[in-house]
Amino acid sequence: MAALMELKDIVKIYRMGDQELRALDGISLTVNDGEFVAIMGASGSGKSTLMNLMGCLDRPTSGSYRLAGDEVSRLTTNQLAQVRNHIIGFVFQGFNLLARTSSVENVALPLIYAGVSKRERLKRAEEALGQVGLAGREHHHPNQLSGGQQQRVAIARALVTQPKVILADEPTGNLDSRTSVEVMAVLQQLGRQGLTVVLVTHEPDIANYTGRVVVVRDGRLVSDTPQRPVQAVPAGAPRGAALAANPTAA
Amino acid sequence: MNLLTPFEIALEALLLNKARSLLTTLGIIIGVAAVIAMMSIGEGAKGKVKAAFDSLGTNMVVVTSGTNKTGGVMSGAGTQPTLTWDDMRAIRNEIPLVLRVSPIMGTSAQVASADTNWNTSVRGVYPEYFTIRNWYIASGSFFTKADDDTANKVAVVGRTVINNLYGNGANPIGQTMRIKNIPFQIIGILVVKGQNAMGQDTDDTVMVPAKTFLTKVQGTSLQTMIPGAIFVQATSAEATSAVDREIHILLRARHRIARVEDEDFTVRNLQEIFSAQESSIQTFTTLLAAVAGVSLLVGGIGIMNIMLVSVTERTKEIGLRMAIGAKPAVILQQFLVEAVTLSLAGGVIGIVLGVTSAFVLSSHFGWAMVFQPGIMALSAGVSALVGVFFGLYPAQRAARLDPIEALRHE
């Protein structure tokens, strides 16, 4: 399998006055195409910093990061923005949907920055909503949707640009366990379709749904374990989503 | 990214906060409306003053007889005739910038048709008088130099006199009208001029040739003095001051007035009075517009304030937009377009409001107004510039946000 993300000796130092904080201290990690990886760690372990670097939101102090074959650790701000738009799809803990804006428009948002025409944007956004089991909710506003549904809208937004990898930062952090399963089912389904998914979490339950767990502590990688993922079967979730998540269980 | 998208994003964002957007633009709306209203009404007032002076006469200088001093007591202007017919001829012949001259002498007299009679002001003038005063004939014709030379008993009559003697709208050309019981032939009826600046009815008059006036109406023989004033028309508006000056020099020489002595005549330069009035209106209009302009500035600061609030409120949104691929320049553009959309919308609403209020005010108070597309275009342009100027700082703040920090913002 081809390497999608190759991090080598990544160091990230934050300077606060004359104090130096070594958030990442020489991390090397390779994520292959189609993997479903969980990055775990306690608060302050550096997992969020690692996530930001992998998501091209930030640049490492030293080290090399090849994303889809290209070295991205020295790109300019504008080039990074383009990489984020084309190659990466983000899912956040707090959903970060625009309030008072319909689902379909929220999902279409990244396509604006890709220069896609309005008609095409809406068509692709509707397709992405269908992929996460939210067909028919196109014109609902975030406050008319449940937390799980909102996060699925956010996943659709990450999918709409057809990225190579989905980066999810504590995607179930704001959800109860039932809706967490619902969201994990969607992510597993995407993984089965061949999409690479990397998620950051501090909950072992959530990490169990992935195929590989990477543990970070004090800016270093302490373990990297492949595992057999637990299948997420949402209870009482919309039928479409359940079927999509686990066709064998239907 | 296609050209419309930034405006779509901006409009969507502004429409989400309709009340706030409207309140924000209020400063611009009021500023632009005030500028437009002031300029429209000011220009209207200028036009009205010009029309009033044009009806008095074009490029006109009036020479009147001076005061008579008897034992230290000054009489009023023109109480003693001091201007001679030769003075008038000299003004016409010796000052190159003079185009036309005409005497004007007047008296109040009883005039009568076959049926009725009326008291009006009868004036003796040269045919040139009508040209100087831009006064046209409505029917019939003016009298000529030949009529004056032979003191023909012909009259050019104002509409008010005609209406009173012959009935409204009558056209008694060729009929006989008696002035002080002397029969005159009506040869022309003047175009209606209406009230003059002093509120007098300009049309309540009868014009006869100067010589006829003296010999027939006044019943005197020809004298050396003009019992009235001289209207002088200069070749252009700019020439009036030179003509004014040269009349002073000429008449002082002709009347043998020493350097220290008072003049026995008065020269009034109507063009100068008009220019002074016009420039005082201009000053007033400009001042009011400047005050209104300050409101534009304040409106701009209001926009900057709201945009800064908006950037802070939407920090998380900005972080998200950056995370999903918006370049800093695009974020800058978005907020700049929002500010310009706000101010431009305010400008357009202000123009509509300004024109409307100018229209309402002028029709209510009977003022004149002039629509000025140039000023409107300028106002729209200035309000857009205000948006760019005051929107730039908040937009830069937004564009410089760090996406990671912005996403963490609560």
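A: Let me begin with strands: two of them pair if DSSP finds at least two bridges between them, and the strands themselves are DSSP runs (E, at least two residues), as helices are (H or I, at least four residues), numbered from the N terminus. This is a predicted model, in which local features need pLDDT of at least 70 and side-chain atom pairs count only at pLDDT 80 or more, while totals for chains, interfaces and linings use all residues. Residues are numbered from 1 along each chain as its sequence is written, and chains are lettered from A and ligands numbered from 1 in the order in which they are written.

Q: What about β6(B) and β9(B)?

A: Here the two strands, β6 (residues 137-140) and β9 (residues 182-190) of chain B, run antiparallel and are joined by three bridges. The partner of B:S139 in β9(B) is B:I189.

Q: And how many bridges link β8(B) to β9(B)?

A: Strand β8 (residues 176-179) of chain B pairs with β9(B) over four bridges, in the antiparallel sense, and B:R178 is found opposite B:P183. The two strands form a hairpin that has two residues between them, and B:K180 in the turn has a positive phi of about 50°.

Q: Switching to chain A, what order do the strands of the six-stranded sheet come in?

A: The open sheet of six strands in chain A has the order β6-β7-β8-β3-β9-β10, and its pairing is mixed. At the edges are β6 (88-91) and β10 (220-226) of chain A, each of which pairs on one side only. Neighbouring strands of this sheet are turned by 20° against each other on average, direction ignored; such angles run from 0 to 180 degrees between N-to-C directions, and axes are lines fitted to C-alpha atoms, for helices over the stretch in contact.

Q: Can you give me one pair from that sheet?

A: Strand β3 (residues 36-40) of chain A and strand β9 (residues 212-217) of chain A pair in the parallel sense over four bridges, with A:V37 bridged to A:R212.

Q: Which strands does α5(A) lie across?

A: Helix α5(A) lies across β6(A) and β7 (165-169) of chain A, and runs at about 170° to β6(A).

Q: Which residues of α5(A) and α6(A) meet?

A: On α5(A) they are A:G147, A:G148, A:Q151, A:R152 and A:I155, and on α6(A) they are A:T179, A:E182, A:V183 and A:V186; residues are in contact if their C-beta atoms, placed from the backbone, lie within 7 Å. By class, this contact has three nonpolar, four polar and two charged residues, where Ala, Val, Leu, Ile, Met, Phe, Trp, Tyr, Cys and Pro count as nonpolar, Asp, Glu, Lys and Arg as charged, and the others, Gly among them, as polar.

Q: And how do α3(A) and α5(A) cross?

A: Helix α3 (residues 103-113) of chain A crosses α5(A) at roughly 35°, and their axes come within 7 Å. The contact joins A:S103, A:N106, A:V107, A:L109 and A:P110 of α3(A) to A:V153, A:A156 and A:R157 of α5(A), and has five nonpolar, two polar and one charged residues.

Q: Last topic: how many residues does each chain give to the contact between chain A and chain B?

A: Chain B gives 18 residues and chain A gives 21 residues. On the chain B side, the elements that give two or more residues are α1 (5-16), α10 (315-323), α11 (328-365) and α13 (403-408), and α10(B) gives the most, with five residues. That side of chain B has 12 nonpolar, three polar and three charged residues.

Conventions
Contact = placed C-beta atoms within 7 Å.
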